[in-house]
Amino acid sequence: MFDPDLFISWMAEQRSGSLATLIRDASWASGCERKPVTQWLGRIEALGAVSIDWRTGRWSANACEITDLPGNTQTAVLTGARPVGPDFYRARGAVAVPQGPEESGIPLPTPLWLQYEERSRLHEFAASAGVAAVPCAAGSAARSLGAFVLGDLAAPPARDSTVERFDPAVGRFSPVSLGSSWPVPGLYRFTRFGRQPRYALLHRPGRQAAPGPVRASAPFPEQTWHSVDRRAGIHYVVPPAAFPLRWKADRAGEPCPGSLGRMTVDRRTPLPLAQERAAVLCTGLASLRTAGTEHYDGVPLFIADRIARTLRRRLETA
Amino acid sequence: MSEGSGNRPDSRWAAYEWWQARLASAFFGEHRRDTPVLFFINDSELRELQGGAEVQDLGTAVSSVLAWHGNPYDPVSHRCRTWRRGKREDPPPCLPLLAAAVLAAAKMQRTEAGPGAPAYYARLAEVLRPAWGGEQHRKPLESNYETVVGQWICLDEWLREQDGARGLSTVKENPTYRKIGYAQSQALVRASDHAALQRFFRSEGLSPGRSADGGRLLKALRMWSAVNPEGLSQRLRQALDSHAESPLLQPLLVTLLEGWDGSAAQGRADSGRLRIRLRVVLEDEFTGWETRWHAEAVAGVDRDSLQHPAGALELELADQVYRLSGVMPDVARALQHGLTARGTKADACVEGGRDVLVLREDPVAGGWAETDKLTVFEPYVFLFTRSGQGPLQRLLADTGHQWRRPESVPIPGWQVTPELRFDDEQVLAAALSRSGVRSVRHHPVRRLSLRNGLLVKREWRHRSLFMLGAEPDVMVPEELRGPGLVTLDGQPLEVPSDGLTVLRGRGLTPGRHVLAAGGTATDFYLEPAPEPPEGAPAEPPGTPPGTVAVPLDGDVRFLTARGHFLTAGRPPEPVWWTERAPVLRGGGTVRVTVPPDAVWLVAISGAGVPAVTLLRTQAPAFESLSRAAKDFWSGLVLLDLAGVPHASLWKRYREAALSQFPRGGFTRV
């Protein structure tokens, strides 16, 4: 019964609101529990329909636009929160592929594309659908990606927090105790009773993280805690060669920067939102998820390379 | 000097007389014309009546004129006898004594054994006591109470003599509590309850001025108040729940119905001014919770200036609510101590002494607004103090909620819970009664109510306008779940056993829809998502000169005047089109540069359908063709472009190509 396109239209009409209320409404509309609904919201956030501030608990719908896909195929995709259902756009020449339920059990909104021969057709469509036509958003997003910078200074985890440290070797968080030793630099997750987990980087200028605890007699007054997004923090602490990003060209032969291919990411090191949006905008489709990986299709080599570079990760091509 | 010395000036009587005048103007003034007089007195009413006057409190003022060595009420009784012989323009001079009798009734706690006489006289002996103290005065107060009954009758007679000009009498003998019933019934219903009771009379279809059965009236009011508790005082609601107090209420309700003129009055404070309720509103702003006051408009008050201890709160009507300005009452202080702000037409009040407040989303208030009702399937947040946390935690634990860390609010000493809602009516009712949370009552679902649904146009503050396709569910109360009892737009609606009936997927059309059951109706509206306004086409960037769009799939070649072909360099269709978006296959194009010597563009689709486009006009000048060129032309020489402008030129090219093949090499089939 759940119609994801209807729900997106409603979000476009609402424009913004409280995340808690949105989760409640989406739970009712989809008949699903909070956890799959939250996963689903994360997916439509990556698709660019909505922007969510998970910390402050607010959301806002993104403007609906039509933008070219990379690859010079004169194919454009509708992005953002569409105010009306797919039939409205199909009547104006767009094509659609309804999406089935995915991992969360909730279907994603229908992607809509427009194929054209002349650019005037693209602009005619944009005008009749009341959307803006923008140049290739995937390319723009990739170009605007920046290298990771440390976030705002943050307080160390509170004493009553449950603290875990990300182990870059295995790609998982493991419990640590901060009471008996000085913490080593790295990505930490700390959870206080009844609250969302928080993530922080412990940064020590000019020194690399050493495995194992440091003796309490060796303080490092210069080390600082910084608040960080979980996914960005993971890439910051993972060595470039660990869990490499992979890109496989669609066609055999020597790829050029514009060659399209499939980028694969280990789910233990998921792309930060900005990088994921750049990858998703290459097709308008959410990543394909398997048990251990996420695949992003139609990604030009130059975008894959840009994503890897901004994350200080190695890109393996095939 | 004897106590029965008449109305001579006497300092002992000064305070008593001040109270007589104050009570007469507040309760029996000319503004009370044709309205039932409810002589409700409690401590807060007395404080309000006393204001800043330097006068003894009511109890002391009355006690000081009583005759503690005989019938204590004799001095007042004597004054009344004197008054009877006069013009009787003003109320009988027994009002302070009767007010003290009502005050004693109001002080009786629910925990005491009902409204029985022992409990009443105990409280009366606390209100009225000789200056020298002691405990011996209760007995004469009780044994001579018949005198007070006589004064109630005196007041009743005087009101009737006035023919409604000073209010309609609600003083009536109570068959169960013959003596103390006069005071006790006045302590149950206050003037501010009157508007709600009039709404009740109207909703029940009762006829003004007609007698009714008190028992039936009370039963109907109990049921009605469960759904419509707004405007009913906490004391009256308690009395409705108490079977012991039924005998007090029944005759009073009958009297009020008899005196009703059929109108629906506004809520009034006991001062006679219209009552406006100030409610706390929390807004979940980007930077955290913010708090403010909210006041819904009442008819007859467009603006007023309400005085409160910190200054003047200005009201100005703005649609359904008042725009508030001036000096805002401090929220924390008002919640702790209560607040009354008085204006010329209206009073605003905030009930103090609460440790837990429940707030529900209120589009009119634009945030989470205070309510005193809890029901199922509605989201709520709770504001609570440290001492309210225990009862609240019990309530949440008993209703299956996990206690989540509360958030700070800008009200010192208060915190707010995350949003939560209740799903089980019986569990909620039981948990609420066990929890110790006061000033919040369970609101059982007794009528059709809309749940969930996706509301649209929130800025219109319309609570029943939903998006088409996201229709609300309807909760049907247990007694209406039988077959055929509920209809949707006149058609019977099948109701599941839990009562929550889904309206989605029924193909409802835009517009109004009506749910009806048990003589009541609930409507809602559906609206499709509005189509976005059409914009003006932007000026597209010009097509790059010397380029042409060619399909990604199929065979695409340029043909020259010499009959040679040039293949167009094109990217392949993306692989993901095949795997994830087959609908895109065959529709992609690419813009390629036209070779300088190309005359024709020939595109043969994957299905073998050729399309020929003239790029520039040039007569054929074929030389000998390569084998590959002949193979290509062999698929085109029979392609006739009849009806297009360049058909003749294309024919000349076909003829030129044919000349390259041996005679008889092609046969039209």
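Predicted model: local features only at pLDDT ≥ 70, side-chain atom pairs only at ≥ 80, totals over all residues.

Student: How many helices and strands does chain A have?

Tutor: Helices (H or I, at least four residues) and strands (E, at least two) are DSSP runs, numbered from the N terminus. Chain A has nine helices and 18 strands.

Student: How much of chain A is buried?

Tutor: A residue is buried if 20 or more other C-beta atoms, placed from the backbone, lie within 10 Å of its own. Of the 318 residues in chain A, 45% are buried.

Student: How do I read a sheet?

Tutor: Strands of a sheet pair through backbone hydrogen bonds, either parallel or antiparallel. Two strands count as paired if DSSP finds at least two bridges between them. Chain A has an open sheet of three strands in the order 1-3-2, with antiparallel pairing. Strand 1 (16-18) and strand 2 (50-53) of chain A each have a single partner strand, so one side of each lacks a neighbour in the sheet.

Student: Which strands does helix 1 of chain A lie across?

Tutor: Angles run from 0 to 180 degrees between N-to-C directions, and axes are lines fitted to C-alpha atoms, for helices over the stretch in contact. Helix 1 (residues 4-14) of chain A lies across strand 1, strand 2 and strand 3 of chain A, at about 100 degrees to strand 3 of chain A. Helix 2 (residues 19-30) of chain A lies across strand 1, strand 2 and strand 3 of chain A too, at about 90 degrees to strand 1 of chain A.

Student: In what sense does strand 14 of chain A pair with strand 18 of chain A?

Tutor: Strand 14 (residues 245-249) and strand 18 (residues 315-317) of chain A pair in the parallel sense over three bridges. Arg246(A) stands opposite Glu316(A) in strand 18 of chain A. With strand 15 (residues 260-266) of chain A, strand 14 of chain A pairs in the antiparallel sense over four bridges. There, Trp247(A) stands opposite Met263(A).

Student: How do I describe two packed helices?

Tutor: Angles under 35 degrees count as roughly parallel, over 145 as roughly antiparallel, 65 to 115 as roughly perpendicular and the rest as oblique. Helix 8 (residues 273-280) and helix 9 (residues 301-310) of chain A pack at about 175 degrees, with their axes 10 Å apart. That makes helix 8 of chain A roughly antiparallel to helix 9 of chain A.
In chain B, helix 1 (residues 11-27) and helix 5 (residues 95-106) pack at about 80 degrees, with their axes 8 Å apart. Helix 1 of chain B and helix 5 of chain B are therefore roughly perpendicular.

Student: How many residues of chain B are in contact with chain A?

Tutor: Two residues are in contact if their C-beta atoms, placed from the backbone, lie within 7 Å. Here 42 residues of chain B are in contact with 49 residues of chain A. Helix 17 (575-580) and strand 27 (589-593) of chain B each supply at least two residues of the side of chain B that touches chain A.

Key:
Residues numbered from 1 in each chain as written. Chains lettered and ligands numbered in written order. Buried ≥ 20, exposed ≤ 12 C-beta atoms within 10 Å, placed from the backbone.
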